[in-house]
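I set out to record, entry by entry, what I looked up in this structure. The notes follow the order in which I went through the model.

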Amino acid sequence: MSDSFQDALSGLAALVGGKHVIASGADQGPYVVDWRGRYQGRAVAVVKPGSTAEVAAVVKFCADRQFAIVPQGGNTGMCGAATPDDRAGNVVIRLDRMRAVRDVSPLANTITVEAGCILAEVQSAAKAVDRYFPLSLGAEGSCQIGGNISTNAGGTAVLRYGPTRDLVLGLEVVLPDGRIFNGLRALRKDNTGYALKQLFIGAEGTLGIVTAAVLKLFAPPRSSALALLKLQGVEQALEILQRLRGAVGDRLGSLEIMSRSQIEAIAATVPHVTVPFALTTPWYLIVELTDTLTDVDLNEPLATVLADAMDAGLAEDVILASNLAQAKAIWAVRHSVSEGNKRSGYVVSHDSVVPLERQAVFVNNVEARIKAAVPHANVVMHGHIGDGNIHVVALIDRAHCQDPAATAALVAEINEIVDDETAAQGGAISAEHGIGITNRGRLARVTDPLDIALMRDIKKLLDPNGLMNPGKIFAAGGARA
């Protein structure tokens with residue numbers, strides 16, 4: 001290690017304490033490799049500050065020395081947005097120590113938390129005061145709320161509550177030069193100029209480090225009903241969505257779809273998950289109704305809508321969950337898609353969003369085109385169909401992915417198919433996973449040049465030296481390119 005890097009370690013240790021600085025070596029392993037094992041970088045140090053003031057001090061220290069800064073939450077992302085590149089001067093900043101719940105207000109329906117809080121901890125803190133934080137996803141036991149905000153996470157409750165962007169009232173952010181943006185206000189109405197907090201939501205840590213947030217809370221669901229439907233196609237799911245919205249309105253909390261091939265991949269690779277229904281049709285739809293009132297029988301309206309759907313030939317079979325254990329077993333399948341896919345082969349994953357009216361056409365076209373171009377690919381799909389977001393995933397046997405150049409060409413071919421179909425249906429290439437490293441080439445290829453130019457201008461303004469999470473969204477040096 002060079003003298004300058006050794007001096008940097010000493011300086012960082014002086015700011016946060018020596019035991020909170022992980023120097024180069026095997027101990028850095030979990031922090032320099034992404035969750036899927038797709039990207040590996042290196043770092044001068046992994047630093048774990050314990051307060052916003054310490055984050056600001058570390059950022060200023062790095063900025064003064066032109067060290068690249070890589071913010072990292074729970075490192076559960078799908079696009080490599082929290083992984084350092086292989087340059088020598090990276091500093092990874094983890095907020096694991098910043099897990100305080102600063103305030104909970106049942107009156108205002110708000111919770112103020114530090115960015116290192118695990119999502120499940122935020123949910124539990126809300127539950128403790130008889131409130132509900134609706135963001136829910138498979139990684140909720142390990143992902144951090146700061147990462148959820150920085151990637152504008154979606155999850156299974158978007159249909160009713162919206163993505164993370166809709167759940168944030170205020171933010172505290174350390175800017176690339178070490179200044180602290182104090183927008184930590186619990187105001188439902190604030191029309192004083194630009195909504196600056198929105199810049200940092202979904203920015204993937206390229207404009208600053210989220211250190212705390214004020215989040216919206218809701219009355220908890222006290223009654224629920226869940227059903228699993230067996231369908232022949234996505235067209236039927238969309239018709240059922242329309243019927244449900246007309247019959248039960250906002251009581252429709254979640255609408256999740258999975259292809260048979262997706263469930264088969266889970267069944268074959270995730271031993272702790274049991275599929276509690278027979279696989280007899282190409283598609284499976286989870287419908288969940290919720291209500292904040294107690295002792296509301298939601299099974300009756302749900303059964304009525306679904307019986308009518310059966311009579312209309314929209315569903316082959318309906319399983320109405322008879323108890324909480326059965327409902328949890330069905331949800332366990334849905335929440336295991338990422339784990340099952342990772343274990344099934346080399347994953348070429350997409351999270352396109354298209355208008356609902358074009359969803360069925362998109363699914364049919366993209367599956368046919370991928371299978372025609374790459375016959376050995378296992379195309380699986382799952383998603384939050386009610387908000388237009390279906391994940392198209394091509395699982396490739398790792399025996400076909402031994403040569404890096406050939407693999408890259410294969411991935412590019414599949415990406416181009418998905419992107420072209422997404423654009424043809426008036427959609428966008430990412431609904432919730434973001435851009436990171438994985439999708440930056442795709443973003444540049446399909447996005448309006450003016451959009452890219454405006455994003456670059458914002459990046460230049462806040463991070464003129466391109467030190468904050470370089471290589472994410474744009475290629476390294478993207479602020480100046």
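**Entry 1: Lys197.** I began with the contacts of Lys197, leaving aside residues up to four places away in sequence; Lys197 touches Val168, Leu169, Gly170, Leu171 and Phe181. I note at the outset that the model is predicted. I placed Lys197 in helix α7, which covers residues 197–200. I also looked up the separation of Lys197 from Ala82: the two are 115 residues apart in sequence, and their C-alpha atoms are 20 Å apart in space.

**Entry 2: the five-stranded sheet.** I next traced an open sheet of five strands, and I read its order as β5-β6-β9-β7-β8 with antiparallel pairing. Which strands stand at the edges? They are β5 and β8 (180–183); each has a single partner strand, so one side of each is left without a neighbour in the sheet. On average, neighbouring strands of this sheet are turned by 10° against each other, direction ignored.

I then went through individual pairs. Strand β5 (residues 101–105) pairs with strand β6 (residues 110–114) in the antiparallel sense, over four bridges. Within this pair I found Val104 opposite Ile111 of β6. The two strands form a hairpin with four residues between them, and Asn109 in the turn has a positive phi of about 55°. On the next pairing, I recorded five bridges between β6 and strand β9 (residues 209–216), again in the antiparallel sense. Here Thr112 stands opposite Val214 in β9.

I looked for helices against this sheet. Helix α4 (residues 119–127) packs on the sheet and touches β5, β6 and β9; its direction makes about 145° with that of β6. Helix α3 lies across β5, β7 (168–174), β8 and β9, and runs at about 45° to β7.

Entry 3: I examined β3 and strand β4 (residues 90–94), which pair in the parallel sense over five bridges. The bridge partner of Pro71 is Ile93 in β4.

**Entry 4: helix α3.** I checked its span: at 1.5 Å a residue, the 13 residues of α3 should span 18 Å, and the end C-alpha atoms are 18 Å apart, which agrees. I listed the buried residues of α3 as Thr52, Val55, Ala56, Val58, Val59, Phe61, Cys62 and Ala63. Just after the helix, Gln66 takes a positive phi of about 60°.

**Entry 5: helices α8 and α10.** I kept in mind that two packed helices are described by the angle between their axes and the distance between the axes. Helix α8 (residues 234–248) packs against helix α10 (residues 299–311) at an angle of about 145°, with the axes 10 Å apart. I recorded the crossing as right-handed. From α8, the residues Ile240, Arg243, Leu244, Ala247 and Val248 meet Pro301, Leu302, Val305, Leu306, Asp308 and Ala309 of α10. By class, this contact has nine nonpolar, no polar and two charged residues.

**Entry 6: strand β16.** I asked how many residues of strand β16 (residues 389–396) are buried. The count is eight of eight. In a regular strand the side chains alternate between the two faces of the sheet.

Strand β14 (residues 346–349) is joined to β16 by four bridges and runs antiparallel to it. In this pair Val347 stands opposite Leu395. Strand β15 (residues 378–384) pairs with β16 in the antiparallel sense over seven bridges. The bridge partner of His382 is His391 in β16. I also noted that β15 and β16 form a hairpin with four residues between them, where Gly388 in the turn has a positive phi of about 85°.

Key: Residues are numbered from 1 along each chain as its sequence is written. This is a predicted model: local features need pLDDT of at least 70, side-chain atom pairs count only at pLDDT 80 or more; totals for chains, interfaces and linings use all residues. Side-chain values use heavy atoms; hydrogens and water are left out. Two strands pair if DSSP finds at least two bridges between them. The expected span of a helix is 1.5 Å times one less than its number of residues. Buried means under 20% relative accessible area, exposed over 50%, partly exposed in between (1.4 Å probe, protein chains only). Axes are lines fitted to C-alpha atoms, for helices over the stretch in contact, and angles run from 0 to 180 degrees between N-to-C directions. A crossing is left-handed if the near helix is turned anticlockwise from the far one by less than a right angle, and right-handed if clockwise. Contact means heavy atoms within 4.5 Å. Ala, Val, Leu, Ile, Met, Phe, Trp, Tyr, Cys and Pro count as nonpolar, Asp, Glu, Lys and Arg as charged, and the others, Gly among them, as polar.
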